[in-house]
Protein chains: 2
Amino acid sequence: MEHPENNEIYKGLTVNKGIAQPSTVNPYLSLRKKPRRRQYSVGEYVEGIVKGDITILSQAVTLIESLKPEHQVIAQEVIEKCLPYSGNSVRIGISGVPGAGKSTSIDVFGLHVLERGGKLAVLAIDPSSERSKGSILGDKTRMEKLSVHPDAFIRPSPAAGSLGGVARKTRETIILCEAAGFDKIFVETVGVGQSETAVHSMVDFFLLIQLAGTGDELQGIKRGIMEMADGIIINKADGNNIEKAKLAASHFRNALHLFPASESGWIPEVLTYSGFYNIGVKEIWDMVYRYFDFVKANGYFTHRRNEQAKYWMYETINEHLKDSFYHNPEIEGLLVKEEQQVLGGHTTSFAAAKKLLDTYFHR
Amino acid sequence: MEHPENNEIYKGLTVNKGIAQPSTVNPYLSLRKKPRRRQYSVGEYVEGIVKGDITILSQAVTLIESLKPEHQVIAQEVIEKCLPYSGNSVRIGISGVPGAGKSTSIDVFGLHVLERGGKLAVLAIDPSSERSKGSILGDKTRMEKLSVHPDAFIRPSPAAGSLGGVARKTRETIILCEAAGFDKIFVETVGVGQSETAVHSMVDFFLLIQLAGTGDELQGIKRGIMEMADGIIINKADGNNIEKAKLAASHFRNALHLFPASESGWIPEVLTYSGFYNIGVKEIWDMVYRYFDFVKANGYFTHRRNEQAKYWMYETINEHLKDSFYHNPEIEGLLVKEEQQVLGGHTTSFAAAKKLLDTYFHR
C-alpha cells in the first residue's frame, strides 16, 4: 500500500496547489502572493475525513490548531459532523521522562500494534513546545519506521499555548482521526506533571515508561503520575541492565501496592522491556489488550469515556470563567495590588477576594 | 491555672447572660424570648481575643461559622483587625483513616507539646459533618485529657457545607486563635482525599497517621495523600504488633523513596509509635520540631505561608466564579440538557461549553 500522503493529490479530489498568476501582473507582487491551499467546505472536509483521506485530515487538524476565529468556526462544524463516526478506537497515553526512550518505544510499539491490524494515529501534548525548536514528535524522523508506514498518521503537538488550549486541540484531533478510521490512538506527552493529567483525561489506558536505574533515577517521576498509570514499563532491560531493570520493576510493584485499587478494578502491571532491541514488546501489548478486554467487559470503558466527555465540558467552562475574570482590565490592575496587601498581612485572602469579585460583578 | 471557660464570666467583661423580662409582660410571650447572648462590638471582640479571652474567642468563631450576612460582616472586620496579631504559630495538619486512632493520638500529642510550653488550639475540617451526628472533634470527651487542659482550645469542624466553605472558616479560625496567643495549631481531618488537600494548604507540617497491618490495610490511603505527608507515623506499635508496625514503616520508606524530593528540601520521615501506651511520642515531636528548624532556616516556612495566602485568595475567587455560573437559573436548566447532548454523542464537550458560556455572558 502506498503512503496516502503521496497519492492523494492525484485522486481528483478538490486539492488546489495554488492560483496560477497571469504573466501580466507585477512580478514583485506575484512574489508576495504565495500559492494558497484551497479552503474546503465543511461537507468536503467531512467527506474526505470519513473516506480516510490523510491530506484532508491533516488540513482539518491545521484548522483546529489555527488561532483565526473563521478557521475555528469551520473546525467546530467539521468536528461536530465527524462525531457520529468517532469513538471506535483504543486511546493510549504514553508518558515518560526525557531520555526514557519514548520515541524509540513508540516506533516499535506502533509497528507492533499495526501488525495486529488497523490504523494508528500518534498525537502529542506538549504545552511548552514551539514548532521551530523541535517539539515532541516535531521531528518525524525520530520514529523512523512508523513515519513511513502507510497506516500510521503522526502529528506533532499543537504549538505552544496554554495547557488547556493545547489539550483541547489534541482531543478534537482524536475525534477527526477516529472518524478517518484510525482505531488506535497514541497520545505522547513529556513527564512534566500537568500535561499527564490532561492526557490521562482523554485516554483509556495510561502507559508510563520508566528507566531502569538506581533509586535516585527513579525519583524522576513527578508527584501523582505513578498513580495514574495503568501500566508501568521499564525500558532498556537489555545486556548488563537486565537485573537493574528487574529490581526497578519490583520497587515499582511494591510502591503500587501501597495505592488503593483504581476505579476500573484493574491492577496496574509492571513489565520490563527493551525498545531498542525489541524485547518484551509483545508482552506489553498483551497486557494493554488484556486491560481493554477487562474494562469493556465490566462496563468501565464506556463509563470512563462518558466521564471524560463531561469532564472536558466542565473544564472548558471553568477555564473560560477564569480567563474572563483574570483578563478583565479592571481586575488585572487591582489583582496585583490586592495580592501585595495579602502578602504584607494587611488583609485576609478572603477579604481581598471579595473586593476583587465585587469589582468584577459591579456590586 | 483554672480552665478559662470556667472563669471568664466573672471577669467583669461585657458578657450578658440574657435580658431580664419585666414581670408584667405576657408570660407566653416571654417563653418565646430566649435569653440572648449580647453581641459584642468589633472592638470588644478584638480586645477580648488579643487578651486571650476564650469565651469571646469562641463567640467570634461562632460568628465566622454563622450563615447570617450581618454576622459575616462583623466576623470579617474582627479577622481583619486580628491579622496583625496572627501568624506566630506552628500549624500542623493531622490526618488518618477512621480507626487509625486519631483522637487518642491527638490527646497524647497535645499534652506532649503543651509540656514543652505554649498554648494549643485543635481545629478540624470535615465537610461531611453535621453537628448533631457527632462530627470529628464534635465530642470533646474523645480527647479526655486535652479537653480539660487550661491551655488547650478544642473546636469541632464547622457544620456541613461545601469543602471550600468549611475550609475557609477553619482558616479564619486559625487567625483568631493565633491572635489569642495559641502558638500551636492542630488541624484534624479524616482521610477522604479532598479535605486533606484543603488542610495541607493551610498548615506548615502534614502528619499522616497510619495503621500497622497487612498490605491490604495499607491500601486505605487515598491517592495523592501520601505525597503530601511531611511525616508518616504508624500507630499501635505495641505488644505483638511492633514487628508488623516496623514492617509497615519500611514499606512506607521504600514507597516515599520513589517520590521526588519535596519543594521544602525536607525528606519525610516514617516513625512508629503507640498513642494508647504513649510510646514513641517524643520522637515524633522531635521530628516535627526538627522540620520547623529546617524550614525556618532555609526560608521555606515564610515562602510557603505566603504561597498559601495567595492560594486562598485565588481559590476563593475561582470558587465564587463557578458558584455564580452553576447557580445561575438560566444555566441550571441548560446544563442538564447540554450534558445529555454530550453524553449522547450529539455534540462535543467544547461546543456544549461554548453554548453555555454564550448564554451566561449574553453573547
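Chain A and chain B bury about 5,500 Å² between them, and a rotation of 180° superposes chain A on chain B. As the model is predicted, local features need pLDDT of at least 70 and side-chain atom pairs count only at pLDDT 80 or more, while totals for chains, interfaces and linings use all residues. Residues are numbered from 1 along each chain as its sequence is written, chains are lettered from A and ligands numbered from 1 in the order written, and side-chain values use heavy atoms, with hydrogens and water left out.

**The interface**

- On the chain A side, 60 residues are in contact with 61 residues of chain B (contact means heavy atoms within 4.5 Å).
- Of the buried area, 65% is on carbon and sulfur atoms; buried area is the accessible area (1.4 Å probe) that two parts lose on being put together, summed over both.
- Between chain A and chain B there are two salt bridges (a side-chain nitrogen of Lys or Arg within 4 Å of a carboxyl oxygen of Asp or Glu).
- One salt bridge joins Lys310(A) and Glu339(B), at 3.7 Å from N to O.
- Several helices of chain A each supply at least two residues to the side that touches chain B, including α5 (69-82), α7 (163-179) and α10 (242-257); helices (H or I, at least four residues) and strands (E, at least two) are DSSP runs, numbered from the N terminus.
- The top contributor is α12(A), with 15 residues.
- By class, this side of chain A has 31 nonpolar, 17 polar and 12 charged residues (Ala, Val, Leu, Ile, Met, Phe, Trp, Tyr, Cys and Pro are nonpolar, Asp, Glu, Lys and Arg charged, and the others, Gly among them, polar).

**Symmetry**

- The superposition has 0.0 Å of shift along the axis and an RMSD of 0.0 Å, by least squares on the C-alpha atoms of residues with pLDDT of at least 70 in both copies.
- The two copies are thus related as by a two-fold rotation axis.
- Both copies use the same surface: 100% of the contact residues of chain A recur in chain B.
- Ala255(A) comes closest to the axis of all residues of chain A, its C-alpha at 2.4 Å.

**Side-chain pairs**

- Over all chains, the count is 29 salt bridges.
- Lys310(A) also meets Glu307(A) in a salt bridge of 3.7 Å, N to O; Glu307(A) and Lys310(A) both sit in helix α12 of chain A, three residues apart, about one turn of the helix.
- The whole structure holds 34 aromatic pairs over all chains (rings of Phe, Tyr and Trp, its six-membered ring, with centres within 6.5 Å; planes under 30 degrees apart are stacked, over 60 edge-to-face and the rest tilted).
- Phe325(A) and Tyr360(A) have ring centres 4.9 Å apart and planes at 65°, so the pair is edge-to-face.

- Asn278(B), in the loop between β7 (269-272) and α11 (281-297) of chain B, has a positive phi near 55°.
- His362(B), in the segment after α14 (349-360) of chain B, has a positive phi of about 50°.
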